[in-house]
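Here's a quick walk through a two-chain model, starting at the contact between the chains and ending inside one of them. Keep the viewer open as you read.

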Amino acid sequence: MTRRQFVAACLVFATGFVALALAWPLPLTRRIIARLLAPRLDRGSDRGRLSPDEMASAVAFAEVLVEDRPFTEDERGGVVEHIAERTEHHPGYLALYRMTAALLDRHAATRFAALDHRARTRLVLARRFLPDVRPRDYLVTFDRRELAVRVLAAPDLIEGFYDSPAGWATIGYRQSPGRCGDLLRYTRPEG
Amino acid sequence: MDTAVCIVGAGAAGSIMAAELTRRGVDVVVLEAGPRHDFARRAEYARRFLKGDNPWRAPLTALERHTSVGAVPYTLEWNRVRGVGGGTLHWEGYAFRFHPDDFRLRTLYAVGEDWPLTYADLEPYYRQAEESLGVAGAADDPWGPPRSSAFPLPAFPFSHADRFYREAASALGIAVAHMPQARNSAAYDGRARCSACTVCHACPTGAKASVDLTHIARAEASGRATVLADVSALRLDVDASDRVSTVTFAGHDGKRRQVTPRICVVAGGAVETARLLLLSASTRFPTGLANRSGLVGKYFMSHPSIDVTGRLTERVYPYRTGFSTATSRQFAVGAARRTRAGFFLEFLNSAEAPLGRQAAWSAKWGAELREHVRERFGRSLGVRVYCEQLPELRNSVSLDPDARDHFGDPVPRLTWNVGAYEGAALQAARGVATRILEGTGALGVTTTAMRYASHQMGTHRMGDDPRASVVDGNLRAHDVANLYLVGAGCFVTGTPSPPTLTIAALAIRAADHIATLIRRPA
């Protein structure tokens, strides 16, 4: 096989794979695409704390993702605790959340957190900073940072909210994991 | 530093040994490779654990290195803890006595090996172990071993979810019993009653027994124990009479120091104990200390495990405890063990991913996400299976010449395979668990891929024949008169049950023996 033939064969294979992925998004295909193209945390980056402005932008983003309104103090506290835990103890999250806050602020042309809730929601919808990533998004999203926001930051913020007492309260739990209390609660239905 | 007894490792075996020896008036020095974890930080540890962090990870990661070969990759990450308290810092607290049959597998079923002691030999020590750890349970298990006394604490009541399991199991003729656990169902021994914080892997209240709280504290209070944390035993040196003369150890700075004990007890866990013996090869023991049998590091065992889960239409309300409350040992005993391993069933109170993770995985947001979690969450039941593993020569802990630790020593290399005997048990267990779940009305019953429990066993097995074992029934090395190897490494067979209570009982029994020797005039 000549070099030209080899390159042509590779192109045909890649084109076929992409076409297959777009046309036939089976779970297996999706997993393969996600594994190959998904953005990853930079595990070698520093750990630490976000600045207050960065934290405010990240929390404001979480509000759009999980509620149709600004958080109450308790809801905010749970999300702040989650983000702080991530950035201080888990490699890669400080860089992820810094990048997310910077990207949101850039698109807002001001501090994202300074926008009202409706404007934030419009921006998030317009830029599709949402966790509903489809296979083709991995191929057509050329800004890897935007993809990282959708694939890594948005789901993590959602997880943070639903891990918090406020998140557990949405399904009727009076006490969330990690909070100590009534031992025998587990013996009866909740509520 | 001179001492009567030097104990290497402050996990379950080492800490209990320290408490038992000091209680009998014997001075000990305990060397622990990991740190002391301040109890005041438990709440922080619990928060970190809930966020997927391992709070027990030793700060010096170079000490954690290991490699794995064999058909099933075996990692120690998350599956052991270095630190004062060892594995009991993160264990689930399930405190099972072995069944009398477990000690006689060869005689009864022509598989595995018999232990050099019987259940009757160990029963008084099981009782002491239960009292010292504070085990809650009920004598309601028709497949459990005979007992000479009641459990120290009343059992934790069955959960709301257990109602489904019990009804379905009962219809199939399967007995479900209360889970025995070293966790306070009432205040006990100065520790609080469990308050269902659901993070038992980093219990923030101390209601779950961990030997840093229950035994090291006692040993130190006696004034006879010196516990050195963050120091690694590097070599055991022997004299011309084949006795351990010194234990060489070092802290993170690498500076070598020595302890000169009358008796040395190695309690580093099945992996590190074998590794230390292999590292201590000398002209007198060219293949490793106490290894004239060639069996140090051999017969490494764990517990192959699967989860079988299904979904109900009703809610079962998971994540309100961090532990299970129901079990069945019906399949852990009996003549079927001639052809397949015994297995025991744990009925899970939380059989699905936590709420936050499910929300994150859903790829939904806003109001649609709220509806999704309300609809989906809290309807799963699951049965976890732990399967015994026969000792096999091909499964081992050896030294990896290509990888080095912080001190420049070869790291442990784990070789782990699962055989047809265990495979047949997992197949049978899957059928049993599926029938139970279908009996609850669960739909979409699925089985996870095989995993393994955080239990490492074998590697310095006990026995009467020095050619076929490393230690005798008192856990004394056949080849080295003042060396004792305690912990699950001495197990002859894996048995289906979690190992910790048996580790404790054997350590107490060995401490009895050592204390008698120490008191005897030289």
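## A salt bridge across the interface

B:Arg320 pairs up with A:Glu190 in a salt bridge, with 2.8 Å between the closest N and O atoms. The term here means a side-chain nitrogen of Lys or Arg within 4 Å of a carboxyl oxygen of Asp or Glu. Between chain A and chain B the count is four salt bridges.

Bear in mind that this is a predicted model, where local features need pLDDT of at least 70 and side-chain atom pairs count only at pLDDT 80 or more, while totals for chains, interfaces and linings use all residues. Residues are numbered from 1 along each chain as its sequence is written, chains are lettered from A and ligands numbered from 1 in the order in which they are written, and side-chain values use heavy atoms, leaving out hydrogens and water.

## The interface as a whole

Chain A puts 41 residues into the contact and chain B 44 residues, contact being heavy atoms within 4.5 Å. About 3,600 Å² gets buried between the two chains, 62% of it on carbon and sulfur atoms; that is the accessible area (1.4 Å probe) that two parts lose on being put together, summed over both. On the chain A side, A:Tyr162, A:Leu183 and A:Tyr186 lose the most area to chain B, together 21% of what that side buries.

Polar contacts (N or O atoms within 3.5 Å; within protein, one must be able to donate a hydrogen and the other to accept it, and residues adjacent in sequence count only if both atoms are side-chain atoms) link 18 residue pairs across the interface, both residues at pLDDT 80 or more.

## Around B:Thr198

B:Thr198 sits in the loop between strand E6 (177-178) and helix H6 (211-221) of chain B. Helices (H or I, at least four residues) and strands (E, at least two) are DSSP runs, numbered from the N terminus.

Is B:Thr198 buried or exposed? Its relative accessible area is 14%, so B:Thr198 is buried, the cut-offs being under 20% for buried, over 50% for exposed and partly exposed in between (1.4 Å probe, protein chains only). A polar atom of the B:Thr198 side chain lies 3.2 Å from the backbone nitrogen of A:Gly178. Leaving aside residues up to four places away in sequence, B:Thr198 touches A:Pro177, A:Gly178, B:Tyr319, B:Arg320, B:Thr321 and B:Gly322.

## Helix H5 of chain A

The buried residues of H5(A) include A:Tyr93, A:Leu96 and A:Leu103. These buried residues of H5(A) pack against H3, H4, helix H6 (117-127) and H8 of chain A. Just after H5(A), A:Ala109 takes a positive phi of about 60°.
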